[in-house]
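Come along and check each entry against the picture.

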Amino acid sequence: VDIPADDSTSEWRTWSATAEQISAIEQVEQQFCVQEKLNAALKKARLYGGGAIVIGVRGQESASLPLDIERVGQGDLMYLHDVSRHELTAGEIELDVASEYFGQPKCYRLNGHMAVVDIHPSRVVHLNGRDLPSRQTAGYDGWGDSIIQRIDDAIKHCAIPQQQIATLMMESNVDIIKIPNFMANVGTKEYRDKLITRWHLAAVAKSVNRALMLDKEEEWDKLTPNFSGLKDIAMMYMEIASGASDIPATRMLGKSPDGLSATGQSDLENYYKSISAIQKNRISPRMRKLDEIIIRSALGERPKEIFYAWRPLWSLSKTQKTD
């Protein structure tokens with residue numbers, strides 16, 4: 001849940017504008033914690049299937065009415081709140097193909113402690129976890145699926161070998177004592193009491209003196225299970241979970257790359273390309289209206305030449321930079 005959301009927002013973005021304009025825009029981003037709010041909303045979307053950022057604008061406080069971006073002036077941005085689908089209930093789905101909100105909820109309902117507030121979709125940055133294959137899916141409410149829905153089996157299977165290894169560790173040192181005529185005498189209470197007292201004293205002596213006292217006819221042995229191969233099995237399941245989550249093991253598990261001369265560079269580079277695709281294809285379109293509000297609230301107008309680009313996640317080495 002966390003890693004792709006953190007990586008998508010960690011380097012943030014760089015604005016193309018004059019130094020004064022960039023300073024004003026970044027000041028608004030910092031004032032309203034845009035980077036932090038987007039990160040939190042992405043995590044809620046990935047965990048619950050839906051997350052959102054609710055926008056408040058001064059002079060247009062009526063949340064149920066459409067937000068007129070052209071009326072947003074300098075300093076008009078009031079608040080940004082990150083919420084999950086469980087806090088922001090989606091209403092009826094818009095089925096009018098002529099509407100810009102086609103396939104999205106016509107309105108949202110924020111369930112507060114004191115009152116229920118209807119919010120127009122123009123005031124909501126809508127984020128899904130994993131999109132459903134069809135809007136006709138039974139029970140479709142405008143949100144998507146949790147990303148855990150797809151990798152649930154892989155995660156649970158990953159826990160099985162860990163539990164089994166933990167159980168084996170508890171039984172890694174089992175003492176085996178062979179006592180003459182044990183089965184013939186164990187049926188009497190007197191024998192059992194003597195047996196318990198006898199082995200209690202033996203255990204104390206072994207613990208204190210590191211010596212085990214045995215009768216001449218008794219035998220002592222130690223059972224030690226074979227742990228070879230268990231690490232490989234556990235790691236195999238974790239790598240399957242890593243593959244199911246689309247996060248390379250070098251990033252998800254913090255492990256060194258496998259194989260001769262392996263650096264893990266290609267895995268991370270491909271992963272960062274997928275994160276870049278998420279930024280450009282999923283986050284940027286959803287953030288477009290909010291970005292318009294941020295620019296207008298920072299500058300009082302919307303210069304057409306201003307735009308931004310996501311900072312690269314992949315850092316070049318000194319040799320690569322030189323080349």
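**Entry 1: K44 and D82.** I started with K44 and found its side chain in a salt bridge with D82, at 2.7 Å from N to O. K44 belongs to helix α3 (residues 34–48), while D82 sits in strand β3 (residues 77–84). The pair therefore ties together parts that lie 38 residues apart in sequence. I also looked up how open K44 is: its relative accessible area is 21%, so K44 is partly exposed. I note here that the model is a predicted one.

**Entry 2: R251 and D7.** Next I asked which residue forms a salt bridge with R251. The partner is D7, and the closest N and O atoms are 2.9 Å apart. R251 is in helix α8 (residues 249–252) and D7 is in helix α1 (residues 2–10), so this pair links parts 244 residues apart in sequence. Are the two partners buried or exposed? I found R251 partly exposed, with a relative accessible area of 28%. D7 is buried, at 7%, because the cut-off for buried is under 20%.

**Entry 3: K189 and D193.** K189 and D193 are joined by a salt bridge whose closest N and O atoms are 2.9 Å apart. Both residues lie in helix α6 (residues 189–209), four residues apart, which is about one turn of the helix. K189 counts as exposed, with 55% relative accessibility, and D193 counts as partly exposed, with 36%. I also wrote down a network: R13, E29 and D291 are joined into one by salt bridges that share partners.

How many salt bridges are there by this rule? I noted a count of 15 salt bridges.

**Entry 4: an open sheet.** I finished with strands. In which order do the three strands of the open sheet come? I read the order as β4-β5-β6, with antiparallel pairing. At the edges are β4 (88–90) and β6 (116–119), each pairing on one side only. On average, neighbouring strands of this sheet are turned by 30 degrees against each other, direction ignored.

Looking at one pairing, I saw β4 and strand β5 (residues 108–111) run antiparallel over three bridges. As a place to look, T89 stands opposite R109 in β5. My reminder for this entry: strands of a sheet pair through backbone hydrogen bonds, either parallel or antiparallel.

How values were computed: Residues are numbered from 1 along each chain as its sequence is written. This is a predicted model: local features need pLDDT of at least 70, side-chain atom pairs count only at pLDDT 80 or more; totals for chains, interfaces and linings use all residues. Side-chain values use heavy atoms; hydrogens and water are left out. A salt bridge is a side-chain nitrogen of Lys or Arg within 4 Å of a carboxyl oxygen of Asp or Glu. Helices (H or I, at least four residues) and strands (E, at least two) are DSSP runs, numbered from the N terminus. Buried means under 20% relative accessible area, exposed over 50%, partly exposed in between (1.4 Å probe, protein chains only). Two strands pair if DSSP finds at least two bridges between them. Axes are lines fitted to C-alpha atoms, for helices over the stretch in contact, and angles run from 0 to 180 degrees between N-to-C directions.
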